[in-house]
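Dear colleague,

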Amino acid sequence: MLAACRGFVFDLDGCVWQGEVLSPGAGEVLTALHRAGRRIAFLTNNSRATGPAIRAKLHRLGLAFAEHALTPLEIIGSVVAERFGRSRVLVIGAPELTAAVRAGGHDIVDVAAFRTATVVVVGNDFELTYERLAAAARAAAAGAPLVTPNVDPRLPIEGGDFLPGSGAIVAAVATAAGVRPVVVGKPESPLFRMALRRLGLEPAEAAMVGDSLESDVAGGRAVGMRTVLYAPGAPPAPGAADLVVRSFVELARAAGVG
Ligand SMILES: [Mg+2]
């Protein structure tokens with residue numbers, strides 16, 4: 001199944017890396033795939049990092065060949081513009097998220113001026129305060145559409161630990177406002193399609209590899225890619241993905257490079 005795949009799109013958090021360290025065997029197997037001429041892209045729902053920043057981290061971790069790294073920040077400004085026109089946006093999230101929204105041609109609204117917002121964008125926010133949460137919820141309740149890079153509940157870090165993800169904050173805002181968010185990243189299709197375009201491949205020629213059934217496998221399947229679930233812990237139900245691997249070594253074997 002994978003031996004015929006010309007390209008692979010890898011999820012990052014909880015798959016290629018855990019926080020600041022590569023998963024066991026990931027460096028060796030990715031390098032072997034690259035040397036075998038397979039095309040590789042990286043796709044993350046990270047709501048705080050740009051593509052170039054992700055690429056720099058991959059290089060720092062020893063994956064010098066990494067070229068295509070895609071995050072929701074690359075498209076969130078244009079998604080808001082396409083759906084809602086040029087907007088006055090209240091952003092709850094990292095400075096990088098604010099910069100990405102501004103780069104899409106939108107005006108940024110201060111937290112204190114939340115009543116003038118026409119769109120609310122919420123991502124992971126390490127400086128979250130009750131005031132910011134209240135402003136976002138009130139603006140969304142008043143009718144400003146709620147847009148988010150992702151609804152991932154957790155951000156996996158080293159040692160099997162996690163931080164609350166963008167989805168946890170979005171859930172608080174959406175619950176208080178009584179609205180549903182527009183999701184820009186996985187499992188929605190724009191990032192998957194952009195990755196395939198960068199690789200120059202049709203969906204059936206590429207496999208999506210990730211640790212999340214809801215985001216990586218469901219999203220990859222929806223655009224017609226092969227899907228591989230990376231499940232180093234307890235294996236999930238059979239048939240959850242086209243292939244379930246417990247290690248990168250297993251993935252290499254299945255792909256014909258191990
Ligand atoms: Mg992941």
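Helix α1 passes α9 in a left-handed crossing, meaning that the near helix is turned anticlockwise from the far one by less than a right angle. The model is predicted: local features need pLDDT of at least 70 and side-chain atom pairs pLDDT 80 or more, while totals for chains, interfaces and linings use all residues. Residues are numbered from 1 along each chain as its sequence is written, and side-chain values use heavy atoms, without hydrogens and water.

The axes of α1 (residues 26-35) and α9 come within 9 Å and cross at roughly 15 degrees; the axes are lines fitted to C-alpha atoms over the stretch in contact, with angles from 0 to 180 degrees between N-to-C directions. The two helices are therefore roughly parallel to each other (angles under 35 degrees). Helices are DSSP runs (H or I, at least four residues) and strands likewise (E, at least two), numbered from the N terminus. On the α1 side, Ala26, Val29 and Leu33 make the contact (heavy atoms within 4.5 Å); α9 contributes Phe248, Val249, Leu251, Ala252 and Ala255.

Phe248 also forms an aromatic pair with Tyr230, 5.0 Å centre to centre and tilted, with 50 degrees between the planes. Rings of Phe, Tyr and Trp (its six-membered ring) pair if their centres lie within 6.5 Å; planes under 30 degrees apart count as stacked, over 60 as edge-to-face and the rest as tilted. Both Tyr230 and Phe248 are buried (under 20% relative accessible area, 1.4 Å probe, protein chains only).

Yours sincerely

Note on methods
Buried < 20%, exposed > 50% of the residue type's maximum accessible area, 1.4 Å probe, protein only. Parallel < 35°, antiparallel > 145°, perpendicular 65-115°, else oblique.
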